[in-house]
Amino acid sequence: MEELYKAIEEKIKSCGYPRAISGEAVYEDICDQIDGKENGSYVLLSKFEDDAIFEYHITVMDQDFNLGVLTMRLPEGVFEVNFDE
């Protein structure tokens, strides 16, 4: 799992995200957001920090999920990562 967390962090940093970020915290936030969701595609919003809104574009499958796009809205600007690329 550590490799996955690191990969999430690197992708987010690569788009110019200006703050410290934890791949594990992002992953856990996603898991909390999709808990109990049926299979399908969703756009989910999360207040990740007091002044940071994360918008997840997620496809939920039986035993897995795919995070397609993550848009992060901060006072510093809007940052977007396409995890499918």
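1. The side chains of Glu 55 and Arg 73 meet in a salt bridge, with N and O 3.4 Å apart; the term stands for a side-chain nitrogen of Lys or Arg within 4 Å of a carboxyl oxygen of Asp or Glu. Because Glu 55 lies in strand E2 and Arg 73 in strand E3, the pair ties together parts that are 18 residues apart in sequence. Glu 55 is buried, with a relative accessible area of 14%, whereas Arg 73 is partly exposed at 39%; buried means under 20% relative accessible area, exposed over 50%, and partly exposed in between, with a 1.4 Å probe and protein chains only.

2. A word on the basis of these values: this is a predicted model, in which local features need pLDDT of at least 70 and side-chain atom pairs count only at pLDDT 80 or more, while totals for chains, interfaces and linings use all residues. Residues are numbered from 1 along each chain as its sequence is written, and side-chain values use heavy atoms, with hydrogens and water left out.

3. Four strands form an open sheet in the order E1-E2-E3-E4, with antiparallel pairing. Strand E1 (40-49) and E4 are the edge strands, each pairing on one side only, and neighbouring strands of this sheet are turned by 15 degrees against each other on average, direction ignored. The strands, like the helices, are DSSP runs numbered from the N terminus (helices H or I, at least four residues; strands E, at least two), and two strands pair if DSSP finds at least two bridges between them. The angle refers to axes fitted as lines to C-alpha atoms, for helices over the stretch in contact, and angles run from 0 to 180 degrees between N-to-C directions.

4. Strand E2 (residues 52-60) is joined to strand E3 (residues 65-74) by eight bridges, and the two run antiparallel, forming a hairpin with four residues between them. Within this pairing, His 57 stands opposite Val 69 in E3, and the bridge partner of Tyr 56 in E3 is Leu 70. E3 is mostly covered, since seven of its ten residues are buried.

5. Arg 73, already named for its salt bridge with Glu 55, has Val 78 as its bridge partner in E4. Gly 77 lies in strand E4 (residues 77-82) and is partly exposed, with a relative accessible area of 23%; the C-alpha atoms of Gly 77 and Pro 18 are separated by 9.3 Å, although the two residues are 59 apart along the chain.

6. Which residues touch the most other members of the largest nonpolar core? They are Ile 12, Phe 54 and Ile 58, in a core of 22 residues. Helix H1 (2-14), helix H2 (23-34), E2, E3 and E4 are the elements that give two or more residues to this core. Such a core is a set of buried Ala, Val, Leu, Ile, Met, Phe, Trp, Tyr and Cys residues joined through side-chain atoms within 4.5 Å. Leaving aside neighbours within four places in sequence, Ile 12 is in contact (heavy atoms within 4.5 Å) with Tyr 17, Ile 21, Val 26, Leu 70, Met 72, Val 81 and Phe 83.

7. The charges around Arg 19 deserve a separate reading. Arg 19 forms a salt bridge with Glu 49, the closest N and O atoms being 2.5 Å apart, and this pair links distant parts of the chain, with Arg 19 in the loop between H1 and H2 and Glu 49 in strand E1, 30 residues apart. The side chains of Asp 51 and Arg 19 also meet in a salt bridge, at 2.9 Å from N to O; as Asp 51 lies in the loop between E1 and E2, the pair ties together parts that are 32 residues apart in sequence. Arg 19 is buried, with a relative accessible area of 18%, while Glu 49 is partly exposed at 29% and Asp 51 is partly exposed at 38%. Arg 19, Glu 49, Asp 51 and Glu 76 are linked in a network of salt bridges, and the structure holds four salt bridges.

8. Finally, Glu 9 in helix H1 is buried yet has no salt bridge, the nearest side chain of opposite charge, Lys 13, being 4.6 Å away. In this count Lys and Arg are positive and Asp and Glu negative, with His and the chain ends not counted. Not counting residues up to four places away in sequence, Glu 9 touches Ile 21, Ser 22, Gly 23 and Glu 24.
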